[in-house]
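Hi everyone, thanks for coming. I'd like to walk you through a structure today, chain by chain and contact by contact. Here it is on the screen.

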Amino acid sequence: MSLLSKIRDTPVYNAVDRYKKLIIAFLLIVLLFVVGEIVLETFFSVGQILLTVKLASFIALFGLCQMVVIASGGSGLDLSVGYMATMTAVFTAAIMDGQNSNLWMAILVALGLGIAVGLVNGVLTAYVKLPPLVVTLAMANILQGIINAYTAGKNITGRPSPVLQIIAAKSTGMFPNILFILLIVTPIVMIIMYKTKWGLKLFGSGANQTAAYLSGVNVKMVRCTAFIISGTLASLMGLVLIGNMGIAFKDMGSNYVMPSIAAVVVGGVSLTGGEGNYVGVLLGAIFLQTLTNLLVALGWGDAGKWTGFGIVLFVLLIVYVSNRRKR
Amino acid sequence: MTVLEAREIEKRFGGVVALDRANLVCRQGRITGLLGANGSGKSTMSKIITGVYSADAGEIHYHGKTVRYRSPNEAKLDGIAMVFQNLSLVADLTVWQNIVLGAEQASGLFLNNKAAIEQSREIVEQLLPGLDVRRMVHELNPGEMQIVEIAKAISEDPRLLILDEPTAALEQAQVKSLFQTMRELVKKGVAIVFTSHRLWEVMEICDDVVIFRNGRNVADLDFSKDVKDPETIVSHITGEAGKAKTERIRRRENQEIVLRVSNLNYGSFIRDVSFELKRGEILGIGGLAGQGQHELMLALAGNYAGVAGEVELNGKKIKLNRPASAIRNSILLVPGDRQLEGLFLGHSVFTNLIFPKLGLKAQPLFTPENKYRKEAADIVDVLSIMTHNLDMPVNSLSGGNQQKVVVGKWLAFDTNVLLLADPAKGVDVGAKRDLYDYITEQVSENKMSVVLYASDNEELIEHCDRLLIMYEGQIVASLEGDEINDDAIVATSMRVR
Amino acid sequence: MKNNSVLKRLISNPDFSRLLILILMFVLTAVLQRNFFAMRSIVRNIDSFMPLILMTMGQAVVIISGGLDLSVGTALSLLTCVLTSVMRAGVPITGLYALVVTFAVAMAIGAINGVGIGYLRIPPVIVTFATSFIWLGIALFLRPTPGGETVDWFQAFYRIRNIETAPAFLKAFGEIIPPSLILILIGCLVWWIVSRTRTGRYIYAVGGNSQSAYETGINTAWVQMKACMINSVFIFLTALFFVGQNGSGDARMGDPLTLKAIAAAVVGGIALTGGRGSVFFALIGALIFSFVSKIIFFANIPNAYQTLFGGLIVIIAIAASQIYTLSSRRTGQESKLT
């Protein structure tokens, strides 16, 4: 056996090969911190890192919505997550009105809204076979319209229940509480996706819908369910957002749509579906937030942020996704 | 004058030899026919000449110079045109737009559509008078589409024209027109290579015939000198009985009928098919490629929601309009194209092996990992699947081992009827033997019933108790026991007998 | 007998139905809008329809070639910002510079999208999603808040009827043929020319079956890139109009147009899978869309609900059109799973 094949057989090589996308994502984050430290000298500090992680957690949770939909295949994508969260935040603000007593009702409303919107998205994409991009984009518009209609002429009243504020905004010691939520959610997600029959069906539908169908899987139902899950999660994120900000306002969620998709791409999740590692999405989210912080610290502002995002996403797409025609 | 000479061509696909020092000579103004059974290498030869595949060894001389094309486009620039069976038309353009695609004439900036329409009309009139060249291709039936393909090839004024089974989709009258056009071309000095499974066509239009078998030329008949006898030709295609006849295991006759299919219909692919499958029997489906065998297997697996007809399993009527219903009735399919239909290439061997279990109603929410790992390991053992471990991605396995995974995933199921759609296609000899050993064992021990479609007649001969021959969606012959031999299969497939 | 079958074929022809719907919408709007036929109203209507019409036609070209462009809205915004950043009030020559520079930027936008879609073969949805943020970022950099400068002669063209010192015949000209209409005609001319060239034919071929086109020797990547650049021409024309009318550039003005352009194209018969549809019918789709919006406006639906209705219309329009367009094509005889 040649030296090369001997190396290929070692467990270390196999592990590196399988997780290479995660490793690259991690290295990118390190790179950013190094650059930031060189340029700004105070970039790499515990406080900065924790703040980054806190904000990244929001992106990561929205990224979970995208990952589920993208993994189910069929060019799945959910552009309605932003306004979904905003709508829930706006509606439940008045319900909670700063009290803990109505929190349960708020949660129920959030679930109901999320399931309803997700169901519409799912039916239109999986059963009526409209392209997910257009459907979810239109849905985002509709939700925006509903919010406009609801808030027409009046201020959005209501404040989140204190419990929500503790979860979303406050910290225990130096660790932001949302981080704990994330740490709980992540293993649950990984277990569901890799160890349950539903998770395997999801990946199967995305990897090869024909093979999945011939094995007896109802691919349409799986994809519809993916959208329901995405909608529900996004809706719950609305509660988290209002908990974090203290009030609800009309554009709360729309700034998260792009980063949620970008995090998925950076994390190495295949856009055609069939595979996905949530840890990758986490790293992607951290990378994006770090990039934002760096750009803001450099004084580039909004313009720099969007341009930077766009370019980074474009470059990563070239690296991960491009598909030069093989001769 | 020799237009093209291919010498000592060798080509392998994985472990399978497609061409073994094969030769072909094409002469100006002559029509050379290529004949051979499925998998004999004739299609591969055409594809190597036109640059779709590249030969592993051998040379091709075109008009005296050595050539090695890397794409059909390069061959086209040199004057070699080919008409394939899989259509290369753009359905949303019109007939004339397709014919001139890539070679449009322009006066200055603008295209000269008038000239294009005229030119197309001329060519099409010869082939299929009355076909309006302004119609959209997606409105045409398969026969008309094939004519347009041929017209497109001819419009490029080729010096060598290769027609790979052009008549498969054509009706009698259209074939006659095509032959007329071919004769005109030949008068202009074009060399033509013509492939068909219909013996009468080859005998009518070809000047000489090259017969392939197992990747080699076995006969070169010149029709101006040699006698045209169909039986002789058939025997060249199938080969004399120089091979030791494999002992066929006589299975004990069991008259219990497991599956009864009546008047199955699906579009033009399956026309009024009826047959019975006995318990413990291996029923073969044979015939020329593309006569509906693959579709029949898919229909039995519940893949077509719109299939018409009645199916009875063990006396009970069942509906086969979803794969899940077939699976629940323990009618399991090993699909023909493993990469497209049977495997999740990026996923592990383990995931692929246990996937079908997920469709069962009784499946627990959390997949019992340990139990399934053991079952998967058992399957790997039983079928001798060569893989480092269960977590290797399945696309790292060889073709044969991939196929074993496709079969293996059903192993843990109680099977009533196993549908095999060309299970050994592209699989090496060792893996093939393993697969069939396993299947025949299951049949004798557990009285599993099998419907086997194979493109290689040898497999059918070796394993089937009964063999149904399909032609254009219908069952045209039924062979039993000792009647199943190469001669009979080829002859009935080609409708000679 | 004969008349029946002709009639039947006419009705089941989707293009004919679209014309019918257009006429219906036209009539409804005419009924609801007072002074619909007054010259002033006509001009104002054309002015308000024009952006969507041009954007839809450009988007249609990209979709036919097999792509999709989500960045058209932010690209439009960017072009308006470039125009108003290069122009300096009181320095007439900068108007010319602005035109040249902006056109160059438009071509660059098309080229970058084209490289992503055609050469790199990244799914168009994702790659234009990414580039849309690049355009947005640059636009915000140039114009963090709406503003900028224009030169007099640039705006004069759009306001000719308001300028006292202009000669009478030019004023009358401006009344009857508003600049927006001229820009639409330019757009139509551009496409008319392209559709008669090799590129035009290849755009359909590549969108219809890119594998077959490739095997015939067509450079599919280059064709798709050209389609993106043709789209840029339409966006450029729209930008001219906006700056001419408003005198300023705005980094966010184009956002709502992206989805509408796609939806209008689908309503006009462009299949999202590519290879089918007519750019001129896409124009009709945009007209139908615009008339429906006007009808909603005149139906006195409260301002607050208009965004909502906008989104609903998009979904209904796309669903209906997609189903209609797909069903009019004869189902293939190939053996297909599911």
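Let me start with one residue: B:Arg21 is partly exposed, because 13 other C-beta atoms lie within 10 Å. Please keep in mind throughout that this is a predicted model. Why pick B:Arg21? Its phi is near 50°, a positive value in a residue other than glycine. Most residues other than glycine have a negative phi. B:Arg21 sits in strand S2 of chain B, residues 16-27.

There is a second case in chain B. The phi of B:Ser330 is near 60°, again positive in a residue other than glycine. Here the setting is a loop, the one between helix H10 (323-328) and strand S18 (331-334) of chain B. B:Ser330 is partly exposed, with 15 other C-beta atoms within 10 Å.

Back to S2(B), then. Which sheet does it belong to? An open sheet of four strands, in the order S2-S1-S4-S5 of chain B, with antiparallel pairing. S2 and strand S5 (65-66) of chain B are at the edges with a single partner strand each, so one side of each has no neighbour in the sheet. The partner of S2(B) is strand S1 of chain B, residues 2-13, and eight bridges join these two in the antiparallel sense. To give you one pair to look for, B:Leu4 has B:Cys26 in S2(B) as its bridge partner.

Still in chain B, let's move to strand S9, residues 160-164. How many of its residues are buried? Five of its five, so the strand is mostly covered. In a regular strand the side chains alternate between the two faces of the sheet. In S9(B) both faces are covered: B:Leu160, B:Ile162 and B:Asp164 are buried on one side, and B:Leu161 and B:Leu163 on the other. Do notice the Asp in that list, B:Asp164, which is buried along with the others.

S9(B) also has strand partners. Strand S6 of chain B, residues 80-83, pairs with S9(B) in the parallel sense over four bridges. Within that pairing, B:Ala81 has B:Leu161 as its bridge partner. Strand S10 of chain B, residues 191-195, also runs parallel to S9(B), and five bridges join them. There, B:Leu160 stands opposite B:Ala191.

One more stop in chain B, and this time a helix. Is H14 of chain B, residues 399-408, enclosed or open? Nine of its ten residues are buried, so H14(B) is largely enclosed by the rest of the structure. Among the buried ones are B:Asn401, B:Gln402, B:Gln403 and B:Lys404, as well as B:Val405, B:Val406 and B:Val407. The cover over these buried residues includes S18, helix H11 (338-342), helix H12 (349-354), helix H13 (369-383) and helix H15 (429-446) of chain B.

On to chain C, which has 15 helices and zero strands. Of its 338 residues, 50% are buried. Among contacts in chain C with a separation of 6 or more, 78% are between residues 24 or more positions apart.

How do two of those helices pack? The axes of H13 (255-267) and H14 (279-298) of chain C come within 7 Å and cross at roughly 115°. That makes H13(C) roughly perpendicular to H14(C), and the crossing is right-handed. From H13(C), C:Lys260, C:Ala263, C:Ala264, C:Ala265 and C:Val267 meet C:Ala282, C:Gly285, C:Ala286, C:Ile288 and C:Phe289 of H14(C). By class, that contact has eight nonpolar, one polar and one charged residues.

Finally, the interfaces of chain A. Towards chain C, 39 residues of chain A are in contact with 36 of chain C. Helices H7 (132-151), H11 and H15 (301-321) of chain A each give two or more residues to that side, and the largest share, 13 residues, comes from H15(A). By class, this side of chain A has 25 nonpolar, eleven polar and three charged residues.

Towards chain B, 18 residues of chain A are in contact with 25 residues of chain B. Here the elements of chain A giving two or more residues are helix H10 (197-207) and helix H11 (209-214), with the largest share, five residues, from H10(A). This side of chain A divides into six nonpolar, seven polar and five charged residues.

That's my tour. Happy to take questions!

Definitions and conventions
Residues are numbered from 1 along each chain as its sequence is written. Chains are lettered from A and ligands numbered from 1 in the order in which they are written. This is a predicted model: local features need pLDDT of at least 70, side-chain atom pairs count only at pLDDT 80 or more; totals for chains, interfaces and linings use all residues. Axes are lines fitted to C-alpha atoms, for helices over the stretch in contact, and angles run from 0 to 180 degrees between N-to-C directions. Angles under 35 degrees count as roughly parallel, over 145 as roughly antiparallel, 65 to 115 as roughly perpendicular and the rest as oblique. A crossing is left-handed if the near helix is turned anticlockwise from the far one by less than a right angle, and right-handed if clockwise. Two residues are in contact if their C-beta atoms, placed from the backbone, lie within 7 Å. Ala, Val, Leu, Ile, Met, Phe, Trp, Tyr, Cys and Pro count as nonpolar, Asp, Glu, Lys and Arg as charged, and the others, Gly among them, as polar. A residue is buried if 20 or more other C-beta atoms lie within 10 Å of its own, exposed if 12 or fewer, and partly exposed in between; C-beta atoms are placed from the backbone. Two strands pair if DSSP finds at least two bridges between them.
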